[in-house]
Amino acid sequence: MKLSRSSRNSDVGLSSGQLLLGLFGLVAPVLTYLLAISDLTDTAKIFILVVMALGYSSICLWAFQNSQADKEAAQVRPEVAENDLEEALLAIGKASEFFGASLK
């Protein structure tokens with residue numbers, strides 16, 4: 001039986017969007033703390049925080065668009081999954097006939 005490439009768990013590694021989100025999630029609190037204790041003016045701090053928020057939002061939007069494209073690509077190929085299922089059922093039927101005949 002063949003494994004389908006469109007299955008949800010077929011990807012072993014993380015996507016670049018997931019890595020970016022995770023890395024930003026780890027670095028952002030540290031940067032925010034360092035920014036809070038710095039001697040910069042309030043205006044500069046707010047500007048840097050806005051830039052960080054826009055950067056995070058753009059990463060989230062990019063990751064969301066990539067996940068939607070993956071879902072659409074998976075929905076386009078339902079006939080491939082049906083053909084794989086039919087082949088698997090046919091193979092099981094042949095094996096059942098073979099082993100059933102050998103037991104008689």
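**Surface and helices**

Tutor: The accessible surface of the chain comes to about 8,800 Å², and 66% of that belongs to carbon and sulfur atoms; please keep in mind that this is a predicted model.

Student: What share of the residues is buried?
Tutor: Of the 104 residues in the chain, 8% are buried.

Student: And how many helices and strands are there?
Tutor: The chain has 3 helices and 0 strands, so that, read from the N terminus on, its elements run α-α-α, as listed by the secondary-structure runs.

Student: Take Leu34, then: where is it, and why is it called partly exposed?
Tutor: Leu34 has its place in helix H1, which covers residues 16-36, and it counts as partly exposed because its relative accessible area is 45%, which lies between the 20% limit for buried and the 50% limit for exposed.

Student: Which residues in H1 are buried?
Tutor: In H1, the residues Gly17, Ala28 and Leu35 are buried.

Student: What about the length of H1, and where is its kink?
Tutor: H1 has 21 residues and reaches 29 Å from its first C-alpha to its last, which is close to the 30 Å expected at 1.5 Å a residue. A kink of about 30° lies at Val27, shortly before the proline Pro29.

Student: Switching to Leu49, which helix is that in, and what does it touch?
Tutor: Leu49 lies in helix H2, residues 42-76, and, leaving aside its neighbours within four places in sequence, Leu49 is in contact with Thr32 and Leu35. The C-alpha atoms of Leu49 and Ala28 are separated by 9.6 Å, although these residues are 21 residues apart along the chain.

Student: Why does Leu49 count as partly exposed?
Tutor: Leu49 counts as partly exposed because its relative accessibility is 38%.

Conventions
Residues numbered from 1 in each chain as written. Predicted model: local features only at pLDDT ≥ 70, side-chain atom pairs only at ≥ 80, totals over all residues. Heavy atoms only, no water. Helix = DSSP H or I, 4+ residues; strand = E, 2+ residues; numbered from the N terminus. Buried < 20%, exposed > 50% of the residue type's maximum accessible area, 1.4 Å probe, protein only. Areas by Shrake-Rupley, 256 points an atom, 1.4 Å probe, with all protein chains shown as cover. Expected span 1.5 Å × (residues − 1). Bend = angle between axes of the 7 residues up to and from the residue. Contact = heavy atoms within 4.5 Å.
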